[in-house]
Amino acid sequence: MPGLISSNPSPIFIPGSQDPAQKVESLNGTNGYVKSASPSNHRTRPTIKAGPERIPFEDSSLDNPDLGPFLLKLARDTISSGESPNKALDYAIRASKSFERSPVQCLELAMSLHVVAAIYSSLGRFEEAVPVLERSIEVPNVETGLDHALAKFSGYMQLGDTYSIMGQLEQSISCYGSGLKIQVEALGESDPRVAETYRYLAEAHMQAMQFDEAENFCKKTLEIHREHSEPASLEEAADRRLMALICEAKGDYETALEHLVLASMVMIANGQDNEVATIDVSIGNIYLSLCRFDEAVFAYQKALTVFKSTRGENHPSVASIFVRLADLYYRTGKLRESKSYCENALRIYTKPLPGFTSEEIATGLTEISAIYEAVNEPEEGLRLLQKAIKLLEDKPAHRGTIAGLEAQMGVMFYMVGRYSEARNAFESAIAKLRASGEKKSAFFGIVLNQMGLACVQLYKINEATGLFEEAREILEQECGPCHLDTLGVYSNLAATYDAMGRVEDAIELLEYILKVREEKLGTANPDVDDEKKRLTQLLKEVGRARNRKGKSLENLFGSNIPRRKKGGTKGWSGFSFKP
């Protein structure tokens, strides 16, 4: 039987999912609105669940036209004074009810709804904030004037933030896009305020791992800042750092390095030593990706010196550089030095200073875990991952990150032969990814493939086939039918088809795989030879020769292929399953 192939043998991990927060800025009397913070920022939110304190107003008094502005002012003052958020919520809700009773729907109603939603979010009651924001978007009429357009824009952006906090990235990006459209119509495409929204969308697409879209928006941001800012401005430096992240994610390391060097020059000119050190870390990462190890060590050590002197020996930024040096020395075969740097980083993470966030510690533990996995100590890696998941808790904003960690745990469980636990970890990760709207990403397809591998080891062939088929559909869409990840899933699917007795379907898949690999790798490649041996054995079973024409994908995956059989499976063939 054809052997199963992991489409991604490297550790599975989703980069730390950022927690996009919201901040309520003071509202002016005409066109003020709640402004949302950048998706790349994160803050810890209180999760107070107590009911709001009631204030002594009769419902009939809400008809008083002066009561709405008075209650809205009370809500603002309560927020700014740091008093009970529940009291501020009650003021804001009653203010919005008063404005609702006005014969003319006004901007004050939209503003009061923005405040209500912001307080709900600060209390962790995001589901209640959504319908409030949807109502706030209905109130302004963009044809009335700029104030109404900006209020509607604010509603969309705040709603996008809320969806992002809930882990629903697709809805979040849709709201940001609607807000951008309104802002561009109101202000024009080259307004500096539009540049900030472009950057906002670039960060959101980056978070969703949609790198092409992120790059397009970041380019627009950079163009506007070049037009409206002084040469070598801090805004341009920030844009270039974001562009470097995007290029690095796409594997375009040389371009990323160019952007980082230019950003570093700007920061040096502006005397931003800590920012220069942060950029040096990023430069070190690029050199590491390019296998320019000596230059990477120099960049890391340079940043380490600055961080130790300005932030202290036990700061998380120091620990993060230790982790990077550990990875570098692992890659260069210096395992003793690598382990020493891991231990230095763990000493900082296990006794964090005040001000450490759980996200910083969890990210550090995850990175160290990957190194322990690489040096064949998966049990220690598992322990660190479990600790990281416990730190993050199961909050909506962390679902994507936790899903990545659970997928990584699944890989480690698989490595040590704990297949049932691997399947459970992958299943939990897949459920979180579906809930957060990432069910069409390439990463989701890879996790499905990995869960399928675990199911094969547990002899759950029908379940494995369904997972491989879903993974195939996603990877065809996201990566294309000739991508190595997609071909790996095809090979796994052929193996399960063979196990189910669907030999003809398995042969058709293998013929296509072999045709593509021969075209891309040449007939002498070991991978091609392995696929050829698998196909030859199956052809012997059915007593025919190889069809060298091959079939198109349209015919290969068309409606003529039958669904999975619900009956038993055939006996295992001589081919072994490979992770």
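**Aromatic pairs**

I looked up Tyr 341 and found it buried, because its relative accessible area is 19% and buried means under 20% (exposed is over 50%, partly exposed in between; 1.4 Å probe, protein chains only). This is a predicted model: local features need pLDDT of at least 70, side-chain atom pairs count only at pLDDT 80 or more, and totals for chains, interfaces and linings use all residues. Residues are numbered from 1 along each chain as its sequence is written, and side-chain values use heavy atoms, with hydrogens and water left out.

Next I checked Tyr 490 and Tyr 512. They form an edge-to-face aromatic pair, 5.8 Å centre to centre with 70 degrees between the planes. My rule: rings of Phe, Tyr and Trp (its six-membered ring) pair if their centres lie within 6.5 Å; planes under 30 degrees apart are stacked, over 60 edge-to-face, the rest tilted. Tyr 490 lies in helix 21 (residues 484–499) and Tyr 512 in helix 22 (residues 503–521), so the pair ties together parts 22 residues apart in sequence. Helices are DSSP runs (H or I, at least four residues), numbered from the N terminus. Both tyrosines, Tyr 490 and Tyr 512, are buried.

How many aromatic pairs does the rule give? I count six. In one of them, the rings of Phe 322 and Tyr 341 have centres 5.8 Å apart and planes at 35 degrees, so this pair is tilted. Phe 322 sits in helix 13 (residues 316–331) and Tyr 341 in helix 14 (residues 335–350), 19 residues apart. Phe 322 is buried too, at 9% relative accessible area. Together with Tyr 329, Phe 322 and Tyr 341 make one aromatic cluster.

**Helix 10**

I then turned to helix 10. Its 17 residues should span 24 Å at 1.5 Å a residue, and its end C-alpha atoms are 24 Å apart, which agrees. The expected span is 1.5 Å times one less than the number of residues. Buried residues in helix 10 include Ala 256, Leu 257, His 259 and Leu 260. Helix 9 (234–249) and helix 11 (273–289) are among what covers them. After helix 10 comes Gly 271, with a positive phi near 70 degrees.

Val 261 is in helix 10 (residues 253–269). I noted it as partly exposed, at 37% relative accessibility.

**Thr 197**

Last, I looked up Thr 197 in helix 7 (residues 192–207). Is Thr 197 buried or exposed? Thr 197 is buried, with a relative accessible area of 4%. Leaving aside neighbours within four places in sequence, Thr 197 is in contact (heavy atoms within 4.5 Å) with Phe 153, Met 157, Leu 180 and Gln 183.

Technical notes: Helix = DSSP H or I, 4+ residues; strand = E, 2+ residues; numbered from the N terminus.
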